[in-house]
Amino acid sequence: MKFATVVFIFSTLSSVSAALNLEASLRDGEENARTLKGAKGETKSPKKSKSHKAPKSHKAPKSNALLEILPAEFGDVHPAKMDIGPDKRIYFTGGTDYRAYRVDSQGKAEMFAEINGGAGFTLGCQFDANGNYYMVNGKAVYMVSADKLSNKAQSLPIEPEEFFLWPTDATAIPMSIDVDNNTGCAYVSDMGKGEIWKIDINTRMGSVWASSADVSGAYNMLFGEADSTNFLGVPFGVVEVMVDAKSEWLYFSAHERNFFGRIRILPNGDAGELQVLGVVENRAALNGAFLDVIGNKLYGATPFLNFQNGVERDPKATRGGEIWMLDIDDIADDGTGGTPERILSDLNFGTLTDVITGHNFGDPSDLYLLDGSFDTLKWPTGIIPDPNAAYHGAVRVLKAGGSKKGSKNGKIKKN
């Protein structure tokens, strides 16, 4: 569950003693954040090491951008995943680099964390209820402690600690992470193998929780298209994983199979049945997603249409620029009743890789979007899908996107 959601939920449970303790720790985090503000209310960046200067921010002339990520200032950054921190800033990973960045509501940004000796893209990220920040790549799950993030004397960039090392050859493409603060467990998706790992954040022990390789066939839908010819050369399966407020369901987005789904969390913590909730049309790849437990809606970002075809088959993959929404209140316990709605289709928003609501950051009705510029990325297969496209990596804003109703262009598909 995203940090902004945790703040809201526990603020409404202040009469419960356990919630009071956690709420106090969240308030402490906000007090620490307030010590970073100057006399005029402007945010001051913590001291930076001379060898790693944080990049300058650049407010975009385009009305939909909070932050334009320019190569001359930021280098080769393809934003992948984001969360909103206790200091009310958006934190996001750089995708193709080993770094993480943060930006405030005024568009002031900095690089604050860098992994040394990492493996592969740095993708998933999330805060836990204590304000610790987690990052995921092919080597490990990493953590930046809340103490370091709130320490105004901390030099930047911070080197995250290795929190959980992947066993040798255990994973293909670790993609996203979600911390269930009710149970103290983190769930991490492996998009390449079609698996979901479960890690105890207290003992730092973990194992595969649900796998497309399960002989029962119960989780086959976690895998990508078997005949995929995408840019990476590996089928893209389960992407984002998100646990609901009651820890009863783990929701997820499926990239090449183009659907929202969920897996029942059994009372003993094991994985139960998988349900396909709704398939989106036009082979819109569902990448980063956000479960809004306040509004009870599920959002998904589409970077590409027909991603599974790459450039080798028709129709070839093209930039998506779409946001989809599924109303959880419409879904019955057996998974029926939901219909995905497309609330945005605009190529000016770029190659959208993630989405989050404005709770604890700006207007709660706004949606904040990551434009990953993946259409300009040179993939491991050597392919650049759209070499003539202008670089447009950004943190973008869809005003009132969280209150929009779109066309019901999805279709229901039962597992």
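**Loops, bridges and strands**

Me: Where is Pro 157?

Reply: Pro 157 sits in the loop between α4 (146-150) and β9. Helices (H or I, at least four residues) and strands (E, at least two) are DSSP runs, numbered from the N terminus. This is a predicted model, in which local features need pLDDT of at least 70 and side-chain atom pairs count only at pLDDT 80 or more, while totals for chains, interfaces and linings use all residues. Residues are numbered from 1 along each chain as its sequence is written, and side-chain values use heavy atoms, with hydrogens and water left out.

Me: OK. What kind of peptide bond joins Leu 156 and Pro 157?

Reply: A cis one, with omega about 0°. Asp 314 and Pro 315 are also joined by a cis peptide bond, and there omega is about -5°. Pro 315 belongs to the loop between β19 (297-305) and β20.

Me: Which residue other than glycine has a positive phi?

Reply: Ser 247 is one of them, with phi near 60°. Ser 247 is in the loop between β14 and β15 (249-254). Asn 296 is not a glycine either, and its phi is positive at about 60°. Asn 296 lies in the loop between β18 and β19.

Me: Why mention those?

Reply: Most residues other than glycine have a negative phi, and most peptide bonds are trans.

Me: Is Ser 247 buried or exposed?

Reply: Ser 247 counts as buried, because its relative accessibility is 12%. The cut-offs are under 20% relative accessible area for buried and over 50% for exposed, with partly exposed in between (1.4 Å probe, protein chains only). Asn 296, at 26%, therefore counts as partly exposed.

Me: New topic. How many salt bridges are there?

Reply: The search of the whole structure gives 18 salt bridges. A salt bridge here is a side-chain nitrogen of Lys or Arg within 4 Å of a carboxyl oxygen of Asp or Glu.

Me: Which residue does Glu 162 pair with?

Reply: Lys 139, and their closest N and O atoms are 3.0 Å apart. This pair connects distant parts of the chain, 23 residues apart: Glu 162 is in strand β9 (residues 161-165) and Lys 139 in the loop between β7 (133-136) and β8 (140-144). Glu 162 has a relative accessible area of 36%, so it is partly exposed. Lys 139 is partly exposed too, at 28%.

Me: And what does Arg 204 meet?

Reply: Its side chain meets that of Glu 161 in a salt bridge (3.1 Å, N to O). Arg 204 is in the loop between β12 (195-200) and β13 (205-211) and Glu 161 in strand β9, so this pair also links distant parts of the chain, 43 residues apart. Arg 204 is at 31% relative accessibility and counts as partly exposed. Glu 161 falls in that class as well, at 35%.

Me: What about Asp 333?

Reply: Asp 333 and Arg 264 form a salt bridge through their side chains (3.2 Å, N to O). Asp 333 is in the loop between β20 (318-327) and β21 (341-345), and Arg 264 is in strand β16 (residues 259-265), 69 residues apart. Elsewhere, salt bridges that share partners connect Asp 87, Arg 89, Arg 102 and Glu 110 in one network.

Me: Let's look at β3. Which way do its residues point?

Reply: From strand β3 (residues 90-93), Ile 90 and Phe 92 point one way, Tyr 91 and Thr 93 the other, and all are buried.

Me: In which sense does β3 pair with β2?

Reply: Antiparallel, over three bridges with strand β2 (residues 82-84). Pairing takes at least two DSSP bridges between two strands. Met 82 has Phe 92 as its bridge partner in β3. Their hairpin has five residues between the strands, and Lys 88 takes a positive phi near 60° there.

Me: And how many bridges join β3 to β4?

Reply: Four, and β3 runs antiparallel to strand β4 (residues 99-103). Phe 92 stands opposite Tyr 101 in β4. This hairpin also has five residues between its strands, and Gly 95 in it takes a positive phi near 75°.

Me: Where is Cys 185?

Reply: In strand β11 (residues 185-190). Cys 185 and Ile 199 are 14 residues apart in sequence, with 5.5 Å between their C-alpha atoms.
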